[in-house]
Amino acid sequence: MRPAVPNSSSRVICGRLAWWLLILAVYCAGISSALAQDLVATAKLSRQVAAVGEPLQFEIRVDGTRRPSQPPEINVDGLDIRFAGPQTRMEMRNFEVSLSVTYIYQVIPQRAGQFTIPPLTFQQENQDVRTQAVGLRVEPGNRRSLGSGGQGAQGGTPPQGQSGPIGRVGWAEIVVPKQSAYVGETIPVELRLFVDSAIKWSPESMPELEGEGFTKTKMPEPRSERVARDGRNYDVLTFRTAITPSRAGKVKIGPSEVIYNAVIPRAQRNRQRSAFDDDFFQDFFNDPFGNMGRREQRKAVAEPVELDVRPLPAEGKPASFSGAVGSFTMAVEGTPASVQLGDPVTMRVRLAGRGNFDRVNAPELSDPSGWRPYPPSSSFEPEDEVAYRGAKSFEMAVIAEEKKTAMPQFEFAYFDPEAEKYVVLRSEPTPLSVVGEPKPAAPSPAPIRGKPVPQETPPVEPEVPAATDILGLRYDTQETASFKPLHLRPAFWWAQLLPAAALLLLLASRLRGRPSASAAQAAALRRERSEVRTRLLRESSSAEFYDAAVRAIQLETALQTGHLPEAVDAATACRVRQLSDETVRGVEQIFSARAAMRYAGSSSENGHLTDAQRADVLATLNAFKNSHDEN
């Protein structure tokens, strides 16, 4: 008789049973190893700074056990500390089980001061465990429910008359520090997300603050903390930004949606169950990480907040007002204290405070007569995450065109929304010594090799000869090729005399000695001119390119006139050559651009050179050089 062969359904049932037994063995081994490990106790407060009467949560967590024991008593003078109950937790990660018991206390400060919850020693599963000391600073009065950075109402009540939806898993609100503002006034805004601390959750993405009639800054990473409201603990994420109204009238800030993922506990989570209970295995395999809850994506909607925006007053507006709104201070300094007439003075202006720094422009000269300012460079140093507070610095070069006894003075105008008036800041005069006389005009160049200096007359265009008719074909006769040997031809020996004559001339020039000093100087200028032409094709920085362009013009003029290159300016270069009006304007623009980049601050020195600018400058230099070659 043949033995019975089990069918496919029996094999499936046996395979599943073996798989469950394997998982149960691994699980029991993990629990045994977790129970056998040493116990570690840690203590923490929900916050280290609180106000008198503000409830806090103090926790003692013991890792390595899941059986609560008798909690320790805590007595600290000035603090009302009461035991609220234990909480057990079991987590499994990669088949490693982690067990813990947390003892929760409620702490209510009764007076202001510095307190310390001492180290606590108690028995847990016949082992002595000990916690560390925890400090607490209590401030007098009511503290804002979200800490020093919040702008909400006091005493744990939601701001602006909103009522917190206690009992929900999470909710959100928009907090604005004021209900009215002016056009252009920067206002810090907070978007807060509250989620019950009893559940596990995590944010899904950064929210967006909706609305029209205002601009906003980019939200940085949020701040997180734990707060107490109406006897319950909440985890709070605070998203910060700053808005600037762009029009008058009623402006709505929001609404805004904050999406987050939450693990909602099951109803039977606190029920004592056996490890062999069917519900226990169902919960374990549905949630292998030990959360014993369902994961949901939730959305908290913050209702919009209305802001009354008023226009800036027209009465009393200073002429130097450029749109700055806020509160600022100004500091001005200049260096050096003594300069030659025509040399620049570097002025540094620092505007610090709070407000719309994106609309803060460089201060203006109180009295611009006798001064020639150049465009400034600027830099901003924020003091907070949304650039509401900070300092903006300007650096500019100012040239005294006449003798002065004081540094240039600046004024800056802004509108103060708190005082509701315009404010003008003026710098104090600082001593300055300007010495020297105005630089004389460059002398006219002397004639070169008996040739008079050309007058500035328009060039005469040469007449183009009229085109002739098409020429006919040429029929040239050629001599018959000769087969006479090369060394027997007279032309061959005459050709050998040419290299010999050249060699003799070279030796004669060497024997005559070194060239004169003027010839050596001219040769050095030609070599530098060749190097400058190479730089013009290679440079990408505006400042370096215009320096090379000016140097090229100076070298060309020096080679023609014999002047020092450093003494050649735009007027001298244009006077010694017959140039077109367009070329003269191009030379003057090259010298002006180079002066502006030299004195206009660090931001202009490293500017990128465009292709159009490079082409215009090279065309001017080519026309300037060709004007001498034609002569």
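## A walk through the strands, rings and cores

Let's start with strand β9 (residues 134-139), which has a covered face made of Val134, Leu136 and Val138 and an uncovered one made of Gly135, Arg137 and Glu139. In a regular strand, side chains alternate between the two faces of the sheet. Strands here are DSSP runs of E with at least two residues, while helices are H or I runs of at least four, numbered from the N terminus. Keep in mind that this is a predicted model: local features need pLDDT of at least 70, side-chain atom pairs count only at pLDDT 80 or more, and totals for chains, interfaces and linings use all residues. Residues are numbered from 1 along each chain as its sequence is written, and side-chain values use heavy atoms, with hydrogens and water left out.

So who pairs with β9? Two strands pair if DSSP finds at least two bridges between them. Strand β2 (residues 49-51) runs parallel to β9 over three bridges, with Ala50 bridging to Val138. Strand β6 (residues 113-117) pairs with β9 in the antiparallel sense over five bridges, and there Gly113 has Val138 as its bridge partner.

Now for the rings. Rings of Phe, Tyr and Trp (its six-membered ring) pair if their centres lie within 6.5 Å; planes under 30 degrees apart count as stacked, over 60 as edge-to-face and the rest as tilted. By this rule there are 17 aromatic pairs. In one of them, the centres of Phe58 and Tyr105 are 6.0 Å apart and the planes sit at 55°, so the pair is tilted. Phe58 belongs to strand β3 (residues 56-63) and Tyr105 to strand β5 (residues 96-109), so this contact ties together parts that are 47 residues apart in sequence. Both Phe58 and Tyr105 are buried, where buried means under 20% relative accessible area, exposed over 50% and partly exposed in between (1.4 Å probe, protein chains only).

Phe83 and Tyr103 form another tilted pair, at 6.4 Å centre to centre with 45° between the planes. This one links Phe83 in strand β4 (residues 79-93) with Tyr103 in strand β5, 20 residues apart. Phe83 is partly exposed at 38% relative accessibility, whereas Tyr103 is buried at 0%. Ring pairs link Phe58, Phe83, Tyr103, Tyr105 and Phe122 into a cluster.

On to the nonpolar cores, which are sets of buried Ala, Val, Leu, Ile, Met, Phe, Trp, Tyr and Cys residues joined through side-chain atoms within 4.5 Å. The largest has 30 residues, and those with the most contacts inside it are Ile174, Leu193, Ile243, Ile253 and Tyr260. Among the elements that give two or more residues to this core are β12 (187-196), β17 (249-253) and β20 (305-310), and β12 supplies the largest share, five residues. A second, separate core of 26 residues includes Phe545, Ala558, Val568 and Ile590.

β17 and β20 run antiparallel and are joined by five bridges, with Lys252 standing opposite Glu306 in β20. The other sheet has three strands in the order β24-β28-β29, with antiparallel pairing. Its edges are β24 (364-365) and β29 (421-426), each with a single partner strand, so one side of each is left without a neighbour in the sheet. β24 pairs with strand β28 (residues 410-416) over two bridges, and Glu364 has Glu411 as its bridge partner in β28.
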